[in-house]
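Have a look at the structure first.

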Amino acid sequence: MANVSLRPCGDFRTSYAADTHIFDTRNSFLFAVLGVALLAASPFVVSNYMLALFIQIGYYAIAALGLNIVVGFTGQISIGHAAFFGFGAFASAWISNHGIPVFFAIPLAGVMTTAVGMLFGLPAARLKGLYLAIATLAAQIILQDFFSRAEWFTGGVAGAAAEPFSLFGYKFTSDKSYFYVVLVYLVLSFVMVANLMRSRDGRALIAVRDHYLSAEMMGINLTKYRVLSFGLSAFFAGIGGALSAHYAQFVSIEGFTILLSIQFLGMIIIGGLGSVMGTLMGTAFMVLLPEAMDALTRLLSGTVIDTALGLRANVSYLREIAIGTTIILFLIFEPDGLAHRWKQVKAYWKLYPFSY
């Protein structure tokens, strides 16, 4: 029921173009515009701490969107996404430190990361499953070693400074101003991927995921689209990494480990594989979950529950336990993610009281 597009009665689609709209109804388009407008107004009503979390959700969501292209839409596997995220951060910092404005450095960093992603994506033409996972893990290890040794590019273990984002002489150094930079990139990235999935290439990626033998029999070049998916994934990872670099104005190799790659996987699993909207939902969930657990640990600290269970200093580890437990529970009870649950809720209210 949740997978059916519940359009209003009399809404007939008489052409292919009409049937490939991003929004099924005018109301869903208006709600999307309202959501963006509310986000644009949020810097005036939320605290600086919450604004920093929103910025983090923004650039992580862009990177997770790239991973969803590989895993959710193409059916491949990648556990080295954090390395491409880091490469984009270092690339943008390196470009901007050589006199190129940050406005141009961010997309250029995405292009550079695309080239690296397609290079490491070449094994995807021949490998699948566990073998491909090991190949992407090798990419993570190789790039991490490159980060620590290429002092001319990354600054080595000391890290590298990144120029603040500026436009027409105005520097976006505060959280309130930089939030709008991230919001613009977020909206553009999600619109681009939503449009990509409506195109011939997007449908080819989905065909490769659903049944690669049938896709090949229909004339789809498997090698081309598998490598292309890794290139697109790396592009958005590079954009997200570049935005994070210019927000912190410093890039360090410690932030791009395999643990971050696992977190990216958790974002798209919880949000919903193969769902553009689910990527944002999963990212927000993964970013806000540790904050909720941190509040819970502070609440439990020194209480009767803390004393009875003997948690004491170990209560802080509830944050890490919660992330792993949440991923497992979603895989068992909600494998289609939050996006699927949201579709079910909408379908229920549209059909109520005739839920049959």
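Helix α12 goes past α13 in a right-handed crossing (left-handed would have the near helix turned anticlockwise from the far one by less than a right angle, right-handed clockwise). Keep in mind that this is a predicted model, where local features need pLDDT of at least 70, side-chain atom pairs count only at pLDDT 80 or more, and totals for chains, interfaces and linings use all residues. Numbering starts from 1 along each chain as its sequence is written, and side-chain values use heavy atoms, with hydrogens and water left out.

**α12 and α13**
- The axes of α12 (residues 258–271) and α13 (residues 276–300) come within 7 Å and cross at roughly 120 degrees; axes here are lines fitted to C-alpha atoms, for helices over the stretch in contact, with angles from 0 to 180 degrees between N-to-C directions.
- That angle makes α12 oblique to α13 (under 35 degrees is roughly parallel, over 145 roughly antiparallel, 65 to 115 roughly perpendicular, and the rest oblique).
- On the α12 side, Q263, G266, M267, I270 and G271 meet G278, G282, T283, F285 and M286 of α13, contact being heavy atoms within 4.5 Å.
- The residues of this contact split into four nonpolar, six polar and no charged (Ala, Val, Leu, Ile, Met, Phe, Trp, Tyr, Cys and Pro are nonpolar; Asp, Glu, Lys and Arg charged; the others, Gly among them, polar).

- T326 sits in helix α15 (residues 318–333) and, at 13% relative accessibility, counts as buried (under 20% relative accessible area; exposed is over 50%, partly exposed in between, with a 1.4 Å probe and protein chains only).
- Not counting residues up to four places away in sequence, T326 touches I270, F285 and L289.
- L288, in α13, counts as partly exposed at 34% relative accessibility.
- Leaving aside neighbours within four places in sequence, L288 is in contact with L53 and I57.
- L288 and I57 are 231 residues apart along the chain, yet their C-alpha atoms are separated by 8.7 Å.

**α9 and α11**
- The axes of α9 (residues 200–210) and α11 (residues 222–248) come within 10 Å and cross at roughly 100 degrees, so the two helices are roughly perpendicular to each other.
- R200, D201, A204, L205 and V208 in α9 meet L222, Y225, R226 and S229 in α11.
- The contact residues of this pair comprise five nonpolar, one polar and three charged.

Technical notes
Helix = DSSP H or I, 4+ residues; strand = E, 2+ residues; numbered from the N terminus.
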